[in-house]
Amino acid sequence: MKSNKKKLKSGPIYELINTLVIALLLAGLIRTVLFQPFWIPTGSMKPNLLVGDFLFVNKFAYGFSRYSCPFSSLCPFSGRIFFSEPRRGDVVVFRHPSNGKDYIKRLIGLPGDKIKIENGVVFINEEEIEQVKLTDFIEERRIQGSMNSLPLCANNVPIGSKNCIKYQAKEKLSEGIEYSILDLGQQKDDNTQDFIIGKGKYFFMGDNRDNSLDSRRDRQFGGVGLVPAEYLIGKASIVIFSSKGRYVFYFWTWRKDRFFKVIN
C-alpha cells in the first residue's frame with residue numbers, strides 16, 4: 001500500500017498536477033503584485049491608445065490597495081501600502097468608485113491643483129496648457145472592438161465612410177510630457193467649473209476629449225468625478241500588441257506597427 005502511494009507521488013500525473021498548481025500560483029502572484037493585463041475596449045484614449053490595444057499595467061508603480069487584487073473583496077487591507085505619488089501626464093488604470101469597472105485615462109490634476117477647461121483648453125492652476133494644431137486624425141467609421149463601439153466624427157459621414165475626421169492637437173505639460181489629443185469641435189464638456197483637487201484625489205481626462213466620460217463629469221452624471229488614491233490600480237506604460245478585429249485570435253487583424261509600443 002505504501003509503495004503505491006509513493007509511486008503516485010513520484011509519477012507523471014503527480015508531477016503534472018504539481019507543475020500546474022505552481023504555475024497557477026505564480027501567475028496569480030504576478031497578476032496581483034506586479035502586472036495586470038488590460039484590453040482597450042473603447043476609443044476614449046485615441047489617438048494614443050486604440051480600440052483593441054493589449055497592454056500590461058504596472059501595479060507596483062503606485063503601491064498597492066485592495067483594488068490591486070483580482071478580487072478586491074478578498075483583499076485584507078484598506079488604503080494603500082508602499083504608496084508612490086503618480087506623475088501628472090501618466091496614463092493610469094483605476095477602478096471606478098461607483099460601478100466597479102476598470103477605466104484608463106490620463107492624469108491631469110494632482111492633489112492641491114485647481115483645474116478648469118475653457119473652450120476645450122485645460123488650465124492647471126490658472127496656467128494654460130498650450131495646444132499645437134496637428135494634421136487631422138482620420139479613420140474609418142465602422143464598428144470597433146468587442147463592445148461594438150462606433151467612432152464619433154467632426155464631419156457628418158455615414159457608417160462605412162473612410163473619412164471620419166477628428167481635429168488633432170498636441171499638449172505639453174510643464175513636466176515636459178507631450179501627447180496628442182482629439183477634438184470634435186465645440187461640445188458640452190469643453191467648458192467646466194473650477195475643480196479644486198482635494199488631498200488624496202486625482203483628476204483624469206481621456207485623450208479623445210469629446211468621446212470620454214472622465215473627471216469633468218460627476219459620477220451621478222455618468223462620469224468618474226475625482227478619483228481617490230485607493231482606487232488607482234497602476235500605470236500603463238507599453239502596448240504589447242494590438243488587434244483591430246473583434247477577437248484577439250483573429251491574427252490577420254493585428255496591427256503590426258503597435259507591437260511593444262511605448263505609451264506617452
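**Ground rules.** I am working from a predicted model, in which local features need pLDDT of at least 70 and side-chain atom pairs count only at pLDDT 80 or more, while totals for chains, interfaces and linings use all residues. I number residues from 1 along each chain as its sequence is written, and side-chain values use heavy atoms, with hydrogens and water left out.

**Overall fold.** I looked up the secondary structure and found two helices and 15 strands in the protein chain, taken as DSSP runs numbered from the N terminus (helices H or I, at least four residues; strands E, at least two). Of its 264 residues, 45% count as buried, meaning under 20% relative accessible area with a 1.4 Å probe, protein chains only.

**Disulfide.** I searched the whole structure for disulfides (cysteine sulfur atoms within 2.5 Å) and found one. It joins Cys153 to Cys164, S to S 2.0 Å, and the link is left-handed, with -105° about the S-S bond. Cys153 lies in the loop between β8 (131-139) and β9 (164-172) and Cys164 lies in β9, so the pair ties together parts 11 residues apart in sequence. I note that both Cys153 and Cys164 are buried.

**Strand β14.** I then turned to β14 (residues 232-242), where eight of the 11 residues are buried, so the strand is largely enclosed by the rest of the structure. For pairing I required at least two DSSP bridges between two strands. Strand β2 (residues 53-58) pairs antiparallel with β14 over six bridges, and Phe56 stands opposite Ile238. Strand β3 (residues 91-95) also pairs antiparallel with β14, over three bridges, with Val93 opposite Gly234.

Terms used
Buried < 20%, exposed > 50% of the residue type's maximum accessible area, 1.4 Å probe, protein only.
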